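Trainee: Please take one part of this structure and go through it closely. I would like the cut-off behind each term as it comes up.

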Amino acid sequence: QVQLQESGPGLVKPSQTLSLTCTVSGGSITINYYYWSWIRQPPGKGLEWVGYIAYSGSTYYCPSLKSRTSISRDTSKNQFTLQLSSVTPEDTAVYYCVRGSSSGQLDYWGQGTQVTVSS
């Protein structure tokens with residue numbers, strides 16, 4: 001059973017960098033052919049895909065967030081990390097880490113973590 005757990009600060013000040021880590025258990029993040037995503041849900045809005053890091057280590061980001069987003073991984077800890085720079089209150093959301101397959105199925109989700117951007 002694959003499990004994902006998000007961790008990181010719940011409050012970030014405007015203009016700072018949001019940093020979240022997802023710790024994965026029950027399966028390696030380097031196994032073919034899975035994609036490890038960050039998805040967020042702002043209050044009162046739908047889900048928004050932020051980006052992913054693939055089993056190979058390649059990354060792909062939502063075009064509207066690309067200039068501010070970086071996703072990296074630590075294979076020794078089986079973790080992947082989201083960094084979102086220059087945050088504004090519009091980045092306030094519940095952030096989820098998610099496993100996806102090459103078929104597009106999102107089969108395992110973390111419980112989500114609330115991040116609020118406020119001074």
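Predicted model: local features only at pLDDT ≥ 70, side-chain atom pairs only at ≥ 80, totals over all residues.

Mentor: The sulfur of Cys 62 is too far from any other for a bond: the closest cysteine sulfur, in Cys 97, is 18 Å away. A disulfide here is a pair of cysteine sulfur atoms within 2.5 Å. Residues are numbered from 1 along each chain as its sequence is written, and side-chain values use heavy atoms, with hydrogens and water left out.

By the sulfur rule the count comes to one disulfide. Cys 22 and Cys 97 form it, with 2.2 Å between their sulfur atoms. The torsion about their S-S bond is about 65°, so the disulfide is right-handed. Cys 22 lies in strand β3 (residues 18-25) and Cys 97 in strand β9, so this pair ties together parts that are 75 residues apart in sequence. Strands (E, at least two residues) and helices (H or I, at least four) are DSSP runs numbered from the N terminus. Both of these cysteines are buried.

Leaving aside neighbours within four places in sequence, Trp 49 is in contact with Ser 37, Trp 38, Ile 39, Tyr 60, Tyr 61 and Cys 62, where contact means heavy atoms within 4.5 Å. Trp 49 sits in strand β5 and is partly exposed, with a relative accessible area of 27%. Its side chain makes a polar contact with the side chain of Ser 37 at 3.3 Å, and it also reaches the backbone oxygen of Gly 51 at 3.4 Å. A polar contact is a pair of N or O atoms within 3.5 Å; within protein, one must be able to donate a hydrogen and the other to accept it, and residues adjacent in sequence count only if both atoms are side-chain atoms.

Trp 49 also belongs to one aromatic cluster, together with Tyr 33, Tyr 35, Tyr 52, Tyr 55 and Tyr 60. The whole structure holds nine aromatic pairs. Rings of Phe, Tyr and Trp (its six-membered ring) pair if their centres lie within 6.5 Å; planes under 30 degrees apart are stacked, over 60 edge-to-face, and the rest tilted. The ring centres of Tyr 35 and Tyr 52 are 5.1 Å apart and the planes stand at 75°, so this pair is edge-to-face. Tyr 35 lies in strand β4 (residues 34-41) and Tyr 52 in strand β5 (residues 48-54), so the pair ties together parts 17 residues apart in sequence. Tyr 35 is partly exposed at 21% relative accessible area, and Tyr 52 is partly exposed at 22%. Another edge-to-face pair is Tyr 96 with Trp 109, at 5.6 Å centre to centre and 80° between the planes. Tyr 96 belongs to strand β9 (residues 93-101) and Trp 109 to strand β10 (residues 106-109), so parts 13 residues apart in sequence are tied together. Tyr 96 is buried at 17%, whereas Trp 109 is partly exposed at 35%.

The nonpolar interior comes next. A nonpolar core is a set of buried Ala, Val, Leu, Ile, Met, Phe, Trp, Tyr and Cys residues joined through side-chain atoms within 4.5 Å. The largest has 25 residues, and those touching the most other members are Leu 4, Leu 18, Val 24, Trp 38, Phe 80, Leu 82 and Tyr 95. At least two residues of this core come from each of β3, β4, β5, β8 (79-84), β9 and β11 (113-117), and β3 gives the most, with four. In soluble globular proteins, nonpolar side chains tend to be buried together.

Beyond four places in sequence, Leu 82 touches Leu 18, Ser 19, Leu 20, Trp 38, Val 50, Thr 69, Ser 70, Ile 71 and Tyr 95. Of these, Thr 69 is found in strand β7 (residues 69-74) and is buried, with a relative accessible area of 8%. The side chain of Thr 69 reaches the backbone oxygen of Leu 65 at 2.7 Å. With residues up to four places away left out, Thr 69 touches Val 50, Tyr 61, Leu 82, Gln 83 and Leu 84.

Notes: Buried < 20%, exposed > 50% of the residue type's maximum accessible area, 1.4 Å probe, protein only.
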